[in-house]
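I set down what I looked up, entry by entry.

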Amino acid sequence: MKYTLYLLFICIVTSLSCQKIKDVEPPDKLLNKSEMKGLIYDMVLLDASYGVNEKKFKDMSLDMLEFISTKYQLDSTQIKLNIEYYNIHFDENLEIYEAVKDSLERLDKLYINRAKEIDSLKKLKRIKKDSIAKLDTLSPKKILKVQSKT
């Protein structure tokens with residue numbers, strides 16, 4: 001009897017916990033995958049830049065939602081509805097996020113390569129300054145020797 005009650009309880013809980021995910025209707029202004037990728041990419045970049053330098057963001061008085069709303073000509077409700085729509089359509093959402101991830105990785109590689117170039121240029125300038133400094137520290141006798149050889 002005890003096991004029957006447990007089994008009945010499990011069946012009731014299982015049947016109540018199973019929900020049908022309702023399909024979200026496309027918003028009036030549905031963004032295509034490419035536009036949605038751009039929107040999420042912009043959101044990620046803005047969020048990251050805000051996290052890096054919050055003071056500069058406040059000094060510029062840049063509002064992320066206002067920027068995105070203006071760029072994509074959507075209000076906050078339409079942005080929310082587009083995000084909800086693509087969250088329900090998992091396969092499409094996954095494609096979008098993979099594309100955003102790839103774009104961010106390319107951007108990261110670009111910045112890393114640029115930083116390496118800047119470091120190399122700084123190193124070359126330092127070497128050039130060091131060689132000029134060495135010439136300045138030569139004694140007058142050595143300078144006369146070098147000049148007489150030429």
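I began with the terms: helices (H or I, at least four residues) and strands (E, at least two) are DSSP runs, numbered from the N terminus. With that settled, I read along the sequence and found the pattern α-α-α-α-α-α-α, with 7 helices and 0 strands in the chain.

I noted that this is a predicted model, in which local features need pLDDT of at least 70 and side-chain atom pairs count only at pLDDT 80 or more, while totals for chains, interfaces and linings use all residues. Residues are numbered from 1 along each chain as its sequence is written, and side-chain values use heavy atoms, with hydrogens and water left out.

**Burial and the core**

I looked up how much of the chain is buried, where buried means under 20% relative accessible area, exposed means over 50%, and partly exposed lies in between (1.4 Å probe, protein chains only). Buried residues account for 15% of the 150 residues in the chain.

Next I asked which residues have the most contacts inside the largest nonpolar core. A nonpolar core is a set of buried Ala, Val, Leu, Ile, Met, Phe, Trp, Tyr and Cys residues joined through side-chain atoms within 4.5 Å. The largest one has 15 residues, and Met-36, Leu-39, Ile-40, Ile-68 and Leu-74 have the most contacts inside it. At least two residues of this core come from each of helix H2 (33–52), H4, helix H5 (76–88) and helix H6 (90–136), and H2 gives the most, with 5 residues.

**Rings**

I searched the whole structure for aromatic pairs, which are rings of Phe, Tyr and Trp (its six-membered ring) with centres within 6.5 Å, counted as stacked if the planes are under 30 degrees apart, edge-to-face if over 60, and tilted otherwise. The search gave 1 pair. It is edge-to-face, because the rings of Tyr-85 and Tyr-86 have their centres 5.4 Å apart and their planes at 85 degrees. Both of these residues, Tyr-85 and Tyr-86, are buried.

I also found a charge over a ring, a term that asks for NZ of Lys or CZ of Arg within 6 Å of the ring centre and within 35 degrees of the ring normal. The charged end of Lys-37 sits over the ring of Tyr-41, 5.5 Å from its centre.

**Salt bridges**

I counted a salt bridge where a side-chain nitrogen of Lys or Arg is within 4 Å of a carboxyl oxygen of Asp or Glu, and the structure holds 6 of them. One of them joins Lys-71 to Asp-42, with the closest N and O atoms 2.7 Å apart. This pair links distant parts of the chain, since Lys-71 is in helix H4 and Asp-42 in helix H2, 29 residues apart. Lys-71 is partly exposed at 46% relative accessible area, whereas Asp-42, at 10%, counts as buried.

Another bridge runs between Lys-80 and Glu-84, where the closest N and O atoms are 3.1 Å apart. These two are separated by about one helical turn, because they lie 4 residues apart in helix H5. Glu-84 has 31% relative accessibility and so counts as partly exposed.

I noted a further bridge between Glu-117 and Arg-114, its closest N and O atoms being 3.4 Å apart. Both residues lie in helix H6, 3 residues apart, about one turn of the helix. Glu-117 is partly exposed at 45%, and Arg-114 is partly exposed at 46%.

**Around the loops**

I asked where Gln-73 is placed, and found it in the loop between H4 and H5. Its phi is near 55 degrees, a positive value in a residue other than glycine. As a general rule, most residues other than glycine have a negative phi. Gln-73 counts as exposed, because its relative accessibility is 62%.

My last entry concerns Leu-62, which is in the loop between helix H3 (54–60) and helix H4 (64–72) and is partly exposed, with a relative accessible area of 32%. Tyr-50 counts as partly exposed, at 27% relative accessibility.
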